[in-house]
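Here are my notes on the model, as numbered points. They take up the aromatic pairs and then the contact between the chains.

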Amino acid sequence: MAKIPFTLEVLKWRPWVPAVKLEEADEAQMNALKAAGAVTRDSPYFRTLAHAPEALSARMALYNDIVYSREGLSRAEREFSMFAVSRVNGCVYCAAIHGRRFIELGGSADVINALLASDDTSELEPRLAAIFEFARKITVQPESVGPEDHEALQRVGLSEAECLDLLHATSMFSWANTLMMTLGDYEVATV
Amino acid sequence: MTEVEAMVHPALRALDEGVDAEALIAMRPKTYAAFDAVDDAYVRPADVADGLSLAARAFVAWKAAELVPNARLAAVFKQELDAVHAGDEPAAWVLFAKHIAMMVKSPAAASKSDVDALLAAGVSLKQLVELAQIVAYVTYQARVLHGMRMWQKEVR
């Protein structure tokens, strides 16, 4: 894995294996790539996952529900939580994308830049700090999560549904980061 | 979770006692339906074709769950493995175990040579990606199960 520091620059991900070529994709692979939105918009990542198309299709139904749902936890806070997991896991590529998305959705660029430089949340406003710390705990000490973590989130105003959405989004990013970091590498995109 | 509930929700079979799964599923039914569908597709697909065998899938899931760690989930996958496989572990599984440990414990240290080692041992691209997806899925599943304990009531 390229050892570049955390960044908000646009990065390019390259697989360590040959990806499926669109013109050679069979029906199952094309269906999976369509579910991933990766036919009109090229994605070496999804073309790599398309080697196991049934797995990709099943994954996209769950992923899209968790990441893009308009109910419960706001899109911005969802992106923040996915950024947080990526920061904790050291997935530079995912942290860049989801940090940018949080900012595009109205989140503070100063907050993201500060967290890219240091993952200390002590100066962060309480709700984002609680979300980041939950993301950290579910990532590095999941076996210790329990009712006290629920209380911590409720104290900053998360509803039951928002807590559940946060759990699924942060857990899903363990899945996403693991694939990104172990199937390929990334570099700064050049024009 | 009762045995009947566990059959209907395979993804939640390793859920701790004292968690009202139905209440949480009712909050997000689409999510939990898609979650169960992934569990079935990844661990017990109807047709493995030229991909990983059912035994290999259960082995991969078992090892990944042990490492997250989620002991209850690991026990569930070990039972699934024992149901489809008896006797010695194939030599390829030793290689799988090494790769799984890297994926779960130190993914940031992954390199192309890790992937090349599996391909050199005869693992196909399809099997490699299936293995990666199963491991990564289990890291999600193990965490959701741990996290659902946020709603755990005292077990009497």
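1. Over all chains of this predicted model, the count of aromatic pairs comes to 17. One of them joins Phe80(A) and Phe83(A), whose ring centres are 6.2 Å apart, with 35 degrees between the planes. That angle makes the pair tilted, because stacked would need planes under 30 degrees apart and edge-to-face over 60.

2. Where do Phe80(A) and Phe83(A) lie? Both belong to helix α4 of chain A, which covers residues 75–89. They are 3 residues apart there, about one turn of the helix. Phe80(A) has a relative accessible area of 0% and is therefore buried. Phe83(A) is also buried, with a relative accessible area of 0%.

3. Another tilted pair is formed by Trp175(A) and Tyr140(B), at 5.7 Å centre to centre and 50 degrees between the planes. This pair crosses between chains: Trp175(A) sits in helix α9 of chain A (residues 160–183), and Tyr140(B) in helix α8 of chain B. Are the two residues buried or exposed? Both Trp175(A) and Tyr140(B) are buried.

4. The cross-chain pair belongs to a cluster linked by ring pairs. Its members are Trp175(A) from chain A, and Tyr32(B), Phe35(B), Tyr42(B), Tyr137(B) and Tyr140(B) from chain B.

5. On the contact between the chains: chain A contributes 49 residues and chain B 42 residues. About 4000 Å² is buried between chain B and chain A, and 69% of this is on carbon and sulfur atoms. Which three residues supply more than any others of the area that chain B buries against chain A? They are Arg28(B), Arg143(B) and Met150(B), which together supply 19% of that area.

6. Polar terms are as follows. Between chain B and chain A there are 14 residue pairs in polar contact, counting residues at pLDDT 80 or more. The count of salt bridges between the two chains is 3. In one salt bridge the side chain of Lys126(B) meets that of Glu54(A), with an N to O distance of 3.7 Å.

7. On the side of chain B that touches chain A, the elements giving two or more residues are α2 (21–27), α3 (29–43), α6 (91–105), α7 (112–120) and α8 (125–147). Among these, α8(B) gives the most, with 15 residues. By residue type, this side of chain B divides into 28 nonpolar, 7 polar and 7 charged residues.

Conventions
Residues numbered from 1 in each chain as written. Chains lettered and ligands numbered in written order. Predicted model: local features only at pLDDT ≥ 70, side-chain atom pairs only at ≥ 80, totals over all residues. Heavy atoms only, no water. Contact = heavy atoms within 4.5 Å. Buried area = accessible area lost by both parts, 1.4 Å probe. Salt bridge = Lys/Arg side-chain N within 4 Å of Asp/Glu carboxyl O. Polar contact = N/O pair within 3.5 Å; in protein donor to acceptor, adjacent residues only side chain to side chain. Helix = DSSP H or I, 4+ residues; strand = E, 2+ residues; numbered from the N terminus. Nonpolar A, V, L, I, M, F, W, Y, C, P; charged D, E, K, R; others polar. Phe/Tyr/Trp six-rings, centres within 6.5 Å; stacked < 30°, edge-to-face > 60°. Buried < 20%, exposed > 50% of the residue type's maximum accessible area, 1.4 Å probe, protein only.
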